[in-house]
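Try each task before you read its solution.

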Amino acid sequence: MTKRFYVSTPIYYVNGAPHIGHAYTTIAADVLARFKRLDGYDVFFLTGTDEHGQKVEQAAAAAGVAPQAYVDRISQDFRDMADAMGVSYDDWIRTTEQRHIESCTELWKRIEATGDIYLGHYEGWYSVRDEAFYDEDELVTLPGGTKIAAKSKAPVEWVKEPSYFFRLSAWGDRLLRFYEENPDALAPSSSKNEILSFIRGGLRDLSVSRTTFSWGIPVPGAPDHVMYVWLDALTNYITAVGFPDTAAPRWDFWPADVHLVGKDIIRFHAVYWHAFLMSAGLEPPKRVSSNGWWVVDGEKMSKSLGNVVEPRALAKTFGLDQIRYFLLREKPFGADGSLNHQAIISRMNVELANDLGNLAQRSLSLIAKNCDGKLPGRGPATAEDTALLDAANALPDLVRLNMDRQTFHEALEDIWKVIRSANAYIDHQAPWALKKTDPIRMAVVLRVLVDTMRVVATLLQPFMPVSIGRMMDQLGVPLESRSLAALAAPLADGTSLPTPQGVFPRYVEPA
Ligand code: MSP
């Protein structure tokens, strides 16, 4: 049976330029997608842009451009950014596409047919920035009397308009049961607790259409209403696998294995989305995993502070693989973290250049010099050889587990433990001193090092595809032998290795 894996990122609002926060979730999804492909899965990796709603309409107006022309331009910029970050998405979805409009229309009709949609009147608080309805108790009043959303600090306005409602209040018990029966369906536990207490607090029916602007998907049979942008946006995850055509080749990917989402948008993904799907008779996603935020030198990124980090610029300064590595290594996925150049440089120089780069360079130079550039064969193993190889061979399972939990930083820490052990091993074995005294043992030691680095490199490919590809070339691993399954077959003794070249440069401050 084919093993399938479906991973998605949030689709990004096209109301401004992409920044490192957007790149982060996309890169994390890319690492996961690449890892699953390496592990033999048929992967569907979806990302794209969220293009309707009042916020985007206002951004287009502010730019003096018609909405469609505006979203075309910004969506392309997001796509260029994803391409520049080496992101291997399988589909780029845009909510203004015809396939998506059809999908939303059909989902709406199915929910309506079950009696879960009714016409009413909304009167209450709305935040355009968050595209969210808020209850009074979710707001705080500033000294001047202005109200803002307590959590996001976004301004709110009072809206009063005819609106269709979704009978969310009817789904609380079903949602609680779902999370009870599926303990891994929402992570990390802090997000889960937040959502469970929100549901337990009692769900109110949700306004799912707007009438005071028109940039959205018309409600079937009520063209003066457009669908609430979150109902529209969430539906992207089923549009891309073919909904409503359940005979579409990709439909088998549903339910998605994991939606990666920022911690600010969990409620939409873990309450509303599940209820919409359940109401329409569709399965909810298997897991929603939320990520924390990046702050810059301790400050929230904002245009007014002028500290918005452009991912392409960062990659140009430090190297793309270096940035990808940093983002996944520096903080746990679910937690917040601070981005600063010193932290990047330190990871780059200590972990990439020293620990990993030097290990490869030292071992491979000795093979070039002392073994005629050919991969030595395996030989009788000492206890130390076995200890290192065992630790390396245990890595794939550890990394698999961490990938499934989105604990990317722990996967990298586990890999680095082996790299550090390999450095201790080479120092202790001192193969450079063995050339004259015991060349056979020297060859065995070098082979142990290559075998260890091969496992390490195989597992690091998803994080740093280009640099590790080059390292694999140097280790003499043929292209078709770079999967996890291929680790079972040893590299061929006597393979000619290319002249070693450093893969991970040290960062030197420009003069
Ligand atoms: N369009 C909605 C998502 C719809 S998904 C069906 C949206 N878009 S967004 O562009 O505002 O945000 C997209 C993601 O970027 C969110 O997951 C958000 O958490 C993330 N980030 C925005 N700024 C961020 C940081 N500074 N750090 C990390 N991620 C942050 O919400």
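**Exercise 1. Count the positive and negative side chains of the chain, and find how far apart the centres of the two sets lie.**

Solution. Start with the counting rule: Lys and Arg are positive, Asp and Glu are negative, and His and the chain ends are not counted. Next, place each charge at NZ of Lys, CZ of Arg, CG of Asp or CD of Glu. The chain then has 53 positive and 63 negative side chains. The centres of these two sets are 4 Å apart.

Before going on, note that this is a predicted model, in which local features need pLDDT of at least 70 and side-chain atom pairs count only at pLDDT 80 or more, while totals for chains, interfaces and linings use all residues. Residues are numbered from 1 along each chain as its sequence is written, and side-chain values use heavy atoms, leaving out hydrogens and water.

**Exercise 2. Find where in the chain confidence is lowest and where it is highest.**

Solution. The chain average is 96, and 100% of the residues score at least 70. Now go through the helices (DSSP H or I, at least four residues) and strands (E, at least two), numbered from the N terminus. Strand β17 (residues 294-296) has the lowest confidence, with a mean of 93, and strand β1 (residues 4-8) the highest, at 99.

**Exercise 3. Locate two cis peptide bonds and two residues with positive phi.**

Solution. Keep the background in mind: most residues other than glycine have a negative phi, and most peptide bonds are trans.

- Ala187 to Pro188 is cis, with omega near -5°; Pro188 sits in the loop between β10 (186-187) and α6 (189-200).
- Phe243 and Pro244 are also joined by a cis bond, with omega about 5°; Pro244 belongs to the loop between α8 (236-239) and β15 (258-262).
- Glu131 has a phi of about 45°, lies between β5 (117-127) and β6 (132-134), and counts as buried at 1% relative accessibility.
- Asp372 has a phi near 65°, lies between α12 (341-370) and α13 (383-405), and counts as exposed at 62%.

**Exercise 4. Is Pro255 buried or exposed, and which residues does Pro255 touch?**

Solution. Pro255 is in the loop between α8 and β15. With 10% relative accessibility, Pro255 counts as buried. Leaving out residues up to four places away in sequence, Pro255 touches Glu283, Pro284, Pro285 and Lys286. The C-alpha atoms of Pro255 and Arg287 are 9.2 Å apart, although 32 residues separate them in sequence.

Technical notes:
pLDDT = per-residue confidence, 0-100. Buried < 20%, exposed > 50% of the residue type's maximum accessible area, 1.4 Å probe, protein only. Contact = heavy atoms within 4.5 Å.
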